[in-house]
Amino acid sequence: MKKRISKELVAACSRPLVLSILAGGNKYGYEILKEVKHLSDGDLQWSGGMIYPLLHRL
């Protein structure tokens with residue numbers, strides 16, 4: 001049974017997670033989405049509606 005990850009936890013970890021992914025080199029938003037899914041073993045499946053506003057704020 002998969003555990004549900006709270007929205008608060010996702011919000012708190014999103015910026016550091018994206019920055020750590022980008023520390024490895026430039027990536028497009030779709031590549032970041034795939035990497036987040038891979039790193040979380042599928043527990044985090046972000047959408048473009050989440051990643052692109054976050055990238056814009058960064």
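Cys 13 lies in helix α1 of this predicted model. With a relative accessibility of 25%, Cys 13 counts as partly exposed, because the partly exposed class sits between the buried limit of under 20% and the exposed limit of over 50%. Some distance along the chain comes His 38, 25 residues from Cys 13 in sequence; the two C-alpha atoms are 15 Å apart in space.

Turning to the chain as a whole, the secondary structure is quickly told: three helices are present and zero strands. Read along the sequence, the pattern is α-α-α. The chain has a radius of gyration of 11 Å, close to the 10 Å given by the globule rule for 58 residues, so it is as compact as a globular protein of that length. The C-alpha trace spans about 35 × 20 × 20 Å along its principal axes.

Buried residues make up 26% of the 58 in the chain. The accessible surface amounts to about 4,500 Å², and carbon and sulfur atoms account for 55% of that area. As for contacts between residues at least 6 apart in sequence, 52% join residues at least 24 apart.

The packing of two of the helices can be described in some detail. In general, a pair of packed helices is described by the angle between the axes and the distance between them. Helix α2, residues 29-39, packs against helix α3, residues 48-57, at an angle of about 115°, and their axes are 10 Å apart. The crossing of α2 and α3 is right-handed. On the α2 side, the contact is made by Gly 29, Tyr 30, Ile 32 and Leu 33, while α3 contributes Gly 48, Ile 51, Tyr 52 and Leu 55. By residue class, the contact of α2 with α3 holds six nonpolar residues, two polar ones and no charged ones.

Note on methods. Residues are numbered from 1 along each chain as its sequence is written. This is a predicted model: local features need pLDDT of at least 70, side-chain atom pairs count only at pLDDT 80 or more; totals for chains, interfaces and linings use all residues. Side-chain values use heavy atoms; hydrogens and water are left out. Axes are lines fitted to C-alpha atoms, for helices over the stretch in contact, and angles run from 0 to 180 degrees between N-to-C directions. Helices (H or I, at least four residues) and strands (E, at least two) are DSSP runs, numbered from the N terminus. A crossing is left-handed if the near helix is turned anticlockwise from the far one by less than a right angle, and right-handed if clockwise. Contact means heavy atoms within 4.5 Å. Ala, Val, Leu, Ile, Met, Phe, Trp, Tyr, Cys and Pro count as nonpolar, Asp, Glu, Lys and Arg as charged, and the others, Gly among them, as polar. The radius of gyration is taken over C-alpha atoms; the globule rule is 2.2 Å times the number of residues to the power 0.38. Buried means under 20% relative accessible area, exposed over 50%, partly exposed in between (1.4 Å probe, protein chains only). Accessible areas come from the Shrake-Rupley method with a 1.4 Å probe; for residues, only the protein chains shown count as cover.
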